[in-house]
Amino acid sequence: MLAAVDSVEHLKGRKGAFRIALIPPEVLSALNDGLLETVNLNEFMALELPRLARSVAGHIGLDAQGERLVDTLAMLGAFKPMRRHGHIARALYDMAALHGERDAVAHRLATHASDVARCWAAQWVTLSGLPLAAQLEAVRRFAADSHFGVREIAWMAVRDEVIASLDEALALLQPWVSDADPNIRRFASELTRPRGVWCAQIDALKTEPWRALPLIEPLRADPSRYVQNSVANWLNDASKSQGEWVDKLCARWVAESDTAETRYIAKRALRTLSK
């Protein structure tokens, strides 16, 4: 597989096509063969999932024609697009559970050239049945992934577990907001957003957002715009149910930390209240 990945090296610096119809055939073929990462939503939506799933299965040492995978691919059309990925991840997980070198299979999936394959690996974390602390440790590599899409799937994968054990999660994530990697800091913020996008809401934090203050307070002047936007969105979520608290918090933050970073976060956080 390494030789095949090297053969598409010249495609890695491309800009994504503005429309699916404009994606070059060479790029689309490499994406479907699992040799290349997607660079935009159009490429992601253009994927031929059955072909990609079979390619990835072969790459990681599973039977691409195995009954479990074949049955899953046959019924993909019955599910909404994003749900299809979950079903593929589950099929690969079940097949790997029966493999004599399961850990090696899991490692190959987690380090695969395709960002979509790594997304499937991130979804394996929630299938593991591990306690929350172990799940967070397992998902960390995906939270730090170089690809935005993998990082998004990482926090979505453990969101339900975090909601079920919120106080434990807030404590476990405390060291994450001091990590040197902005992707890790952003993960802790994005994972616990009271409302979030395309995910279950955290009713406890909609009602009592101050419970997460020890988690977001250290990020009030974060140097990374990526983290700043997440913190601002976190507070904007909270402002829709606890507007007065968010308003006072932002005023305190700016008074205590009158930096460009904090002012930016506060302004974005209050954008709904300012309308």
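Modeller: Residues are numbered from 1 along each chain as its sequence is written, and side-chain values use heavy atoms, with hydrogens and water left out. Because the model is predicted, local features need pLDDT of at least 70 and side-chain atom pairs count only at pLDDT 80 or more, whereas totals for chains, interfaces and linings use all residues.

Biologist: Is leucine 109 buried or exposed?

Modeller: Leucine 109 is found in helix H7, residues 102-110, where helices are DSSP runs (H or I, at least four residues) numbered from the N terminus. Buried means under 20% relative accessible area, exposed over 50%, and partly exposed in between, with a 1.4 Å probe and protein chains only. With a relative accessible area of 0%, leucine 109 is therefore buried.

Biologist: Leaving aside neighbours within four places in sequence, which residues is leucine 109 in contact with?

Modeller: Contact means heavy atoms within 4.5 Å. With neighbours within four places in sequence left aside, the residues in contact with leucine 109 are Val56, Ile60, Ala117, Arg118, Trp120, Ala121 and Trp124.

Biologist: Are H8 and H9 roughly parallel or roughly antiparallel to each other?

Modeller: The axes of helix H8 (residues 115-127) and helix H9 (residues 132-143) come within 9 Å and cross at roughly 170°. Such axes are lines fitted to C-alpha atoms, for helices over the stretch in contact, and the angles run from 0 to 180 degrees between N-to-C directions. Angles under 35 degrees count as roughly parallel, over 145 as roughly antiparallel, 65 to 115 as roughly perpendicular and the rest as oblique. H8 and H9 are therefore roughly antiparallel.

Biologist: How far apart in sequence are the parts that arginine 118 and aspartate 145 tie together?

Modeller: Arginine 118 forms a salt bridge (a side-chain nitrogen of Lys or Arg within 4 Å of a carboxyl oxygen of Asp or Glu) with aspartate 145, and the closest N and O atoms are 2.8 Å apart. Since arginine 118 lies in helix H8 and aspartate 145 in the loop between H9 and helix H10 (148-164), the pair ties together parts whose separation in sequence is 27 residues.

Biologist: Is arginine 140 buried, partly exposed or exposed?

Modeller: The side chain of arginine 140 meets that of aspartate 179 in a salt bridge of 2.5 Å, N to O. Arginine 140 lies in helix H9 and aspartate 179 in the loop between helix H11 (166-172) and helix H12 (182-191), so this pair joins parts 39 residues apart in sequence. At 25% relative accessibility, arginine 140 counts as partly exposed.

How values were computed: Helices (H or I, at least four residues) and strands (E, at least two) are DSSP runs, numbered from the N terminus.
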